[in-house]
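The sequence and the model come next.

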Amino acid sequence: MALFNRANLNSLFLLSHYYYKFATVTVRLKTRERTLLSSTMMQEKIRKSSEKKTESSNVKSNTFETAIANRRDQACRSILVQVYSLNSQDDLQNYCAQFGNILSMHHYKKDKQHNHILVEFKNIVSVNEIISSASFMDGDLITPVKSSVFWFRKGQLRHKKNNQKKIILSTENGCTYPTEKDILKFLQNAKSVSGQIIKLYEILKLSDLETRLRFHTAHHLEQYFSRLFQNTKVLPFGSSLNGFGRKRCDLDLVLVSDNIEEVNIYTYIKNKSASRLVFHTKPMKLSERHETKEFMRILASVMQHFISGVHNVRKILEARVPIIKFHYEYTNIECDLTTTNMTAVYMSELLYLYGEIDWRVRPLVTVIRKWAKSQEITSDVPGQWITNFSLSLLVLFYLQQKDILPSLKLLKTYATHDDMRCTETGIDCTFLRDLEKLPAEFKYKSNQDNLESLLYGFFEYISTFDFHTQGMCIREGVPVRKPSRSALHITNPLETTLNVCKNVNIYELNRITEKAHDAVYMLETTDKSRNSNWGLMALLNMKENDIMDMVDGNKRKEQSISDYSEDYSHEISEVNEVDINQPKKKKTDII
Ligand code: CTP
Ligand code: MG
C-alpha cells in the first residue's frame, strides 16, 4: 500500500511537472491570452468559429475539415449513459429533457449485459448543466474529472414535466458486427461481382453511431487531458476517418496543442490577449524525441490510473512514432494514441479526398483489404508484411494509372491560399481541398470501368508490376525508378524521402504477387451460372460449410475472451519495437 501511495505521489509530482512543461510551449509559441476556458466552453468556441469560417470562406459542407468540426461538435453535445436495459429509455429521456432539447438517442449493447444510450442534445449548455448536476459514486476516493460518461441510477424523484415529444431511438442495438454467415448471405444475393463489392462495402463500413462513438472516445480523453494541459485537443484520424475503415477497426488518435502557430485546419482558436501578465512555465519540446517519449510515459501512467474506461495500456515508445495502445471500455474500441503527429492527420485527409473524388475508390479499397486479410497478406499485428495503409496506397496508385485519380502533384498545383498547411516539423501538406476546383477530366472521367473490371485489373497490375526495379509514387502519379533497396517501395506522398513499405521483405512481396496472380485466375474462372461459390465468395475463401465451423469456433473464442476480459491488468506494459515486429502471431484464426 505504501508503495502504491508513493507511486501515486510520484505520478502526481511528475504530472504537475509535465503540466508546467507542456503549458510553457504554449506561452513560447504565442504571447497571447492564456485562456482558462473550460474544455466545454472551448468546444463551443470551436463550433462558433468553425461555423463562421464555413460561412465566410464558403467551404463546401462535405470537406474533411467541416466533417471533423461537425462531428467534434456533435460529440460535445452528447452524453453516454450506461443503463440497466433498453427499457430505461423513456425514463432517461424524461430525466434528460429537463436539461434541454434532445436531438437523438442511440442505443447499443457492448456485450450481453452492458447497455448504453448516447444522448445528443441540441445545445452544449444542456450537457454542461448535466455535468454540473451529476454526482460521483459513493466511496470515490480520488475525485476524478467530471466527464460526459454516466451511469443512470434508479430514481426516486419525479422529474419536472417537459413538452418534448418522445424521441424514437435512432439506433437500437447498434454496433453489432456482421458474422461471416451474414456477409455470405449478402454476397449470394448479389447479381454480379460489382454488386457483391458494393454490398461488402455497405456491410463493413462504419455506421453513423460507430463514427459518433469514435468522436465521443476522443472527446472523453480530451476532457481529462484538458484538465492537465491547457488547450489540448484529441483528434481521431486513420481509417476511422478516411472512409476506408471497417467495423471494429482500431481508432487512431492524436493529442495536439491548440496553440501551434500555423495555418491549420484544427486551429480555430486564435487567442489574442491584451493582458500584460504572462504565465511562468517550463519549456518542453515535444518535437524532440526523448521529450516526447518521456511525456508519453507520463501520459500512459495517467491514463491507466485516472481515466475511467481506459484499460490495458501499453507503451510502444521505441517506434518511429511513439504510441500508447489501450482499450476503451465504454465503446469497446482498441485505440492508438500519438502526440503532435499532424502529418498522419493530413495523410488521412488526403486519403479521404481520394475517396471523395470517385465513388468506386472506397468499395474497391474495402474489398482489397478484405481479400488481403483472407489471404493472410495483412495481419492485425505489425511485422514484415504490408499494412492496410500501404495496401490502400497501392490501390490509389493503381487508380491513378487508370486515370481515375489525379496525382498529388496535380492536387498541389490547384491548391489555393486557403489550402496551405504545414506541420509542426515543417512538412508541407498543402494540396487542393475543394474538389469543385478539380479540372473537368477528373470530375467527368472517361474511364467508366465497373468495379469488377477494376478489381480484376488491380490484381493483374500488381501481379505483373516490376517491383524489382520500380517504385510507386502517388505524388507523381507514375511508377518511378526504385530509389531504395527495399523489396517494395511506395513513396510516402507527404514525406517523399520515406518509403511506407520499408518493413516489407521479399518473401512477403512474393506472396502478394502470387496471391494476386491466383486472384486473377479465380476471377476468370468463377462463373455464377455454374458455381454457387462464385465471385467474391471464391476470392475471399468463403464457403458455407467452413463458415458454419467458423461461427462455432468464434463462439468458443468469444467465450474465452469474455472469461478473461473482466480481469484487466493494472500493470502497464512497455513493448519495444523488436517485440512488436516479431512475426509470432501472423496467422489469424478468424477472418
Ligand atoms: N500513416 C502515415 N504514414 C505511415 C503509416 C500511417 O501517415 N507510414 C497515417 C495514415 O494517415 C494512416 C494513419 O496514420 O491512415 C493510421 O495508420 P494505420 O492505423 O496503420 O492505418 P489505417 O489506415 O488506420 O488502417 P487500419 O484500419 O488497419 O488501422
Ligand atoms: Mg488505424
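Three strands make up an open sheet of mixed pairing, in the order S12-S11-S13. Strands are DSSP runs of E with at least two residues, helices are runs of H or I with at least four residues, and both are numbered from the N terminus; two strands pair if DSSP finds at least two bridges between them. S12 (478-481) and S13 (490-491) are the edge strands, each with a single partner strand, so one side of each has no neighbour in the sheet. S11 (residues 470-473) and S13 run parallel and are joined by two bridges. Cys473 is opposite Thr491 in S13.

This is a predicted model, in which local features need pLDDT of at least 70, side-chain atom pairs count only at pLDDT 80 or more, and totals for chains, interfaces and linings use all residues. Side-chain values use heavy atoms, leaving out hydrogens and water.

The shell around ligand 1 (residues with a heavy atom within 4 Å) includes Phe237, Asn242, Asp252, Met347 and Phe389. H11 (342-357) is one of the helices that each supply at least two residues of this shell, and H11 gives the most, with three residues.

| Side chain | Distance to an oxygen atom of ligand 1 |
|---|---|
| Ser239 | 2.7 Å |
| Ser348 | 3.2 Å |
| Arg369 | 3.1 Å |

Ligand 1 taken alone exposes 570 Å², of which the protein buries 77% (Shrake-Rupley method, 1.4 Å probe).

Terms used:
Residues numbered from 1 in each chain as written. Chains lettered and ligands numbered in written order. Polar contact = N/O pair within 3.5 Å; in protein donor to acceptor, adjacent residues only side chain to side chain.
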